[in-house]
Amino acid sequence: MLLFLSQEAEAKARPRPGAAAAAAGLGPAPGMAVCGEAVGAGSLPSELVVHIFSFLAGPDRLRASAACSHWRECLFYPALWPRLRLSLRVSPAERPRLDFLMRKCGWFVRELRVQFAADNYLGGGGGGGGGGVCEGAAAAAEGETPLCPRWLDLLRTYLELVLCVLSSVRNNRIQQLFEEILANSRQLKWLSCGFMLQIVTPTSLSSLSNPIANTMEHLSLLDNHIPGNTTLITAVELERFVNLRSLALDFCDFTAEMARVLADSNHVPLHRLSLLVHKISIMHKSLENMPEDENWKALTRNSTNLRVYIMAFDIKSDDMLRILKPSIPLERIHFDSYITCVSGAVVDLISRQYDKFLTHFILMNDVIDMSGFPDLSDNRNEDPLVLLAWRCTRLSLLAVHGYTVWAHNLIAIARLRGSDLKVLEVTEESIDFDQGELADQDVDPVHNLIEQVSLGLGRPWHAVMDIELLSVFTEPTHHFYREMQSFSEGI
């Protein structure tokens, strides 16, 4: 069931222009002249002014509202602005205008679309046409993104403008409607709420009746913007969901006590568990309450077919080594980094502990480092990715971007897994060749790589362009949400 929630009900419940002021004794009621005894446009009733505005395009309404203060008041009547589309430059000068519009329209607009002009990002201009150019702009022409204070200032301004928009859209009414839907549900089997800007609150699930909670089969509660140590569900609340077969949570919310609840014999076996390990959650919450290995052992005894999917977003390797308990039946893991990189020790641990379960391994890195991509095989006799392919005999998907993958290791991976490796995606910029391969004048190293990997996989293969791979994994949390849905549906 797909739910589209709007703020239309709240907008209709708002009083007509001038009504609140009249009730407070601050001005005349709608329909009365508001410009003294003058006869003219300013003396028209509010309803009539709003009706006139309804026939005008947005720019014309703005010009007409300059007639007098009464018309300016009528300009922001909710029914006139069911949809609001703004086109703004990424400039601090836009902030006052955006603040004004969000303050006036943010609480009632039902569809809001804001487009920010981004044509000056790489060039360093602040909007307006002339702008200064970053040093190294010539590098941009060669496909490299120049990093300069001007560019960072533009990015900071852009994020501030976006925050202004999001903080002005009121979710209280949507939260209430969402809880009303839960309270009135009669045959709800699947409840999936992901990254809904705090629409789901810690009290939302209490709206579900016990009979509905007892028959729920899938529950997904993901929102890493919940403030402080607040969680969307507690172990006590989870006890009501005795027929849950699939669960998706923030890792910091999945405690040892929750694992004990799910391991209880009164609970049906859990088949799918998806966990998002996000740096924001770890910053505000603790890993002290996470399940220990004995908790995972007890859970898998009750749920013998349990499979786990983990996405780690910008998590330090030391934290990952704490999180990855030996008894987790880990089937899929996805690393995505913008600040911290995964270490070879983490990859090696995964290949040793989860060799009987692992099918999907995704390694993404967008850390900007002018010295080059990190090499997982540094100071190691064997490359961790090759060992992963050798040990994990069920591996069917391997995707790598932003880590050095040596050509001879890529060939070894293809030969080890063969046609069982259904997806092998490595970006061109991640592949490197050793000096011996480059020194051989008789062999084209790129052509040889493509040929040998294709032979190993038993099908044509080629490296993918960076943008081609990232189009699949755009916005990590959204990718996790989509994959989690598919993962859970595969019970």
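What is the mean pLDDT of the protein, and what percentage of its residues reach 70 or more? I noted a mean of 79, with 77% of the residues at 70 or more; pLDDT is the predictor's confidence in each residue, from 0 to 100.

**Entry 1: basis and confidence.** I am working from a predicted model, in which local features need pLDDT of at least 70 and side-chain atom pairs count only at pLDDT 80 or more, while totals for chains, interfaces and linings use all residues. Residues are numbered from 1 along each chain as its sequence is written, and side-chain values use heavy atoms, with hydrogens and water left out.

Residues 1–38 form one of them, with 57 contacts in the model beyond near neighbours in sequence. Residues 119–147 form another, with 44 such contacts. Contact here means heavy atoms within 4.5 Å.

Entry 2: I recorded 9 strands in an open sheet, ordered 3-4-5-6-7-8-9-10-12, with parallel pairing. Strand 3 (190–194) and strand 12 (423–426) are the edge strands, each pairing on one side only. From one strand to the next, the twist averages 10 degrees. Strands (E, at least two residues) and helices (H or I, at least four) are DSSP runs numbered from the N terminus, and two strands pair if DSSP finds at least two bridges between them.

I then examined strand 4 (residues 218–222), which pairs with strand 5 (residues 246–250) in the parallel sense over 4 bridges. The bridge partner of Leu-219 is Leu-247 in strand 5.

**Entry 3: strand 10.** Why is strand 10 described as largely enclosed? I found that 5 of its 5 residues are buried, so the rest of the structure largely encloses strand 10. Buried means under 20% relative accessible area, exposed over 50% and partly exposed in between (1.4 Å probe, protein chains only). In a regular strand the side chains alternate between the two faces of the sheet. In strand 10, Leu-397, Ala-399 and His-401 are on one side and Leu-398 and Val-400 on the other, all buried.

On pairing, I noted 5 bridges between strand 9 and strand 10, in the parallel sense; Leu-363 has Val-400 as its bridge partner in strand 10. Strand 10 is joined to strand 12 by 4 bridges, and these two strands run parallel. Leu-397 stands opposite Val-423 of strand 12.

**Entry 4: Ser-396.** I located Ser-396 in the loop between helix 17 and strand 10 (397–401). Ser-396 is buried, at a relative accessible area of 19%. Leaving aside neighbours within four places in sequence, its contacts are Thr-359, His-360, Asp-420, Leu-421, Lys-422 and Val-423.

**Entry 5: helix 16.** I checked residues 344–353, helix 16, and found 7 of the 10 buried, so the helix is largely enclosed by the rest of the structure. The buried residues are Gly-344, Val-346, Val-347, Asp-348, Leu-349, Ile-350 and Ser-351. Their cover includes helix 15 (317–323), strand 8 (330–337), strand 9 (360–365) and helix 17 (384–391).

**Entry 6: Thr-231.** Where does Thr-231 lie? I placed Thr-231 in the loop between strand 4 and helix 11 (235–238). Thr-231 counts as partly exposed, at 22% relative accessibility. Not counting residues up to four places away in sequence, Thr-231 touches Pro-202, Asp-253 and Lys-285.

Methods
Axes fitted to C-alpha atoms, helices over the stretch in contact; angles between N-to-C directions.
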